[in-house]
Structures are given as C-alpha cells and as structure tokens.
Amino acid sequence: MAAGSPAPSRYLRSIGAHASIEPDPFIDGAYVLSIGGAEQSHVNLEHPEEVFYEYLRRIAHIVDLCAPAGEPIRALHLGAGALTLARYIQAVRPGSRQHAVELERELLDFVLQHLPLPAGTQLETWTGDAREALGQLDSELRFDVVILDIFSGPEAPAHIATAEFYREAAGRLTPTGVLVINVGDEPGLTLVRSQVAAMRSVLTDVAAFGEAGMFSGRYPGNIILAGTQFPWPQEWSAELAARGPHPARVLTGVDLDALSG
C-alpha cells in the first residue's frame with residue numbers, strides 16, 4: 001500500500017457497510033481494518049508475530065500452548081476478519097496448514113488484496129456460514145486448534161451458540177486439540193454464561209481467560225473460552241495468567257461454576 005495513497009475501501013453489499021483499511025499512525029507497517037467506521041482488526045505486516053488487540057493476544061497465547069514452540073499445526077478459523085491469527089500462526093509456526101471460513105466473500109477478497117499473507121502461508125479459504133462450512137470440510141480433517149471469532153454482544157447466531165455446534169466443532173479436534181471461542185459480551189455476561197454451560201455439556205474441560213475485571217460482570221468486553229477433550233492442565237492457567245495482557249485471570253473447575261449458568 002503506497003504511502004500517501006487514499007485508504008482502500010469496499011462496499012460490502014451483504015451487510016450494507018463500507019470496509020476500509022488504513023495505516024496505523026503509531027506502528028510502521030501496521031494497518032487497521034474498519035467496517036462501518038468501527039475498528040474490526042489490526043494487522044502488522046512487517047511483524048505478524050506481534051498481535052495488537054488484547055483479546056487476540058490472549059487467543060495467540062492459547063495457540064502457543066497447544067503444541068511445542070515452533071512446531072507446525074493445523075488450524076481452523078471460523079470468522080476470518082483480517083486473518084490476524086492466521087498470520088501469527090504462520091509467523092511463529094512456519095509450515096502450519098490452515099483453513100479460514102468467512103461469511104462475507106467481499107470482505108475476504110478485500111483483505112487478501114490489500115493485506116497480503118506472509119510468504120509461505122498455507123491457507124485455504126472458504127466463504128459461507130461457519131456451521132455449514134464445518135460440515136463441508138473433508139471428513140478426515142482434524143485440527144490442533146479451532147478458533148471461533150464471530151460473537152459480538154448478546155446477539156449471537158442461534159444455530160452456532162449451542163451445545164450441538166460445539167459437539168460438531170469438538171469432533172474436528174485432534175485428541176489434544178483446543179476449541180477457542182472469543183465471546184464479546186455486555187455487562188451481566190449473559191452470552192458468556194450460556195456458552196460456558198454449552199461447552200461444559202460436551203467437552204471434558206473448559207477454561208475462561210480474560211482481563212481480571214471482566215469476571216465481575218460489570219463491564220462490556222471480551223472473554224476467551226477454551227475447551228479441551230482432556231483435563232485442563234493447571235500449568236496452562238499459570239502460563240496464561242503470566243503472559244497477560246495484564247491484569248489477567250483464568251477460571252477453571254469450581255472457580256468457573258459462577259459462569260456456567
């Protein structure tokens with residue numbers, strides 16, 4: 001993207017809003033994707049291993065734990081955005097095989113045109129509904145991490161915010177794989193509570209990771225839920241809390257009970 005050139009923009013007919021990509025004025029080589037004037041994603045093309053948004057950094061830290069450092073993994077992204085996490089995985093785990101599903105084909109094309117992926121990225125993109133696309137993938141495909149990032153506020157797609165969907169997603173995991181859900185919610189954490197309960201009904205263990213104050217239920221924001229088909233390693237909780245962003249808190253087991261209904 002040439003310096004001084006107008007910020008690229010594209011009208012997304014399916015949602016009736018413009019998407020734009022503008023340089024981050026504070027970080028060289030970084031860009032912000034906005035939709036309808038609201039910031040949606042941040043990408044650092046020069047250093048894709050640096051993840052700017054706090055909730056995405058928390059997800060990246062979970063990805064770091066799902067396999068030994070530097071080892072290639074297979075990842076599925078349900079909700080692509082600007083592919084920030086796909087870029088991160090390629091940067092820190094070269095050779096990873098990734099799939100990304102995005103409902104808005106125009107948005108995906110726009111992002112790939114103006115924010116190229118790191119060299120060597122093995123990414124297959126799909127357009128469509130996350131649940132439908134999940135069923136259309138090769139039945140033999142299994143993933144080390146499945147990342148769902150489509151919930152924003154209390155209005156969630158009813159067919160996805162269910163135990164049945166999480167059972168389908170968990171069926172796509174390797175035995176040591178992790179299902180990671182970003183839940184953007186409002187005070188009261190109604191959506192977070194319902195999703196913790198749904199995930200707990202089909203997975204062996206669930207952890208909630210977020211800014212410590214979010215668990216009071218008094219503020220809007222993001223909480224990351226991670227589900228496993230094996231007992232959640234307590235050393236993971238300590239590692240995530242230490243990595244932040246700070247102040248960070250991880251709830252599991254009985255500590256998570258208050259968020260499970």
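1. The side chains of Asp64 and Arg243 meet in a salt bridge at 2.7 Å, N to O, the term standing for a side-chain nitrogen of Lys or Arg within 4 Å of a carboxyl oxygen of Asp or Glu. Since Asp64 belongs to helix H1 and Arg243 to helix H7 (residues 234-243), the pair ties together parts that are 179 residues apart in sequence; helices here are DSSP runs of H or I with at least four residues, numbered from the N terminus.

2. This is a predicted model, in which local features need pLDDT of at least 70 and side-chain atom pairs count only at pLDDT 80 or more, while totals for chains, interfaces and linings use all residues. Residues are numbered from 1 along each chain as its sequence is written, and side-chain values use heavy atoms, with hydrogens and water left out.

3. Asp64 is buried at 18% relative accessible area, whereas Arg243 is partly exposed at 33% (buried is under 20%, exposed over 50%, partly exposed in between, with a 1.4 Å probe and protein chains only). Asp64 and Arg243 also belong, with Glu239, to a network of salt bridges.

4. Helix H1 (residues 54-65) is mostly covered, with 10 of its 12 residues buried, among them Tyr55, Leu56 and Arg58.

5. The structure holds 7 salt bridges. One of them joins Glu168 and Arg131 at 2.7 Å, N to O; because Glu168 lies in helix H5 (residues 163-170) and Arg131 in helix H4 (residues 130-136), this pair ties together parts 37 residues apart in sequence.

Methods
Helices (H or I, at least four residues) and strands (E, at least two) are DSSP runs, numbered from the N terminus.
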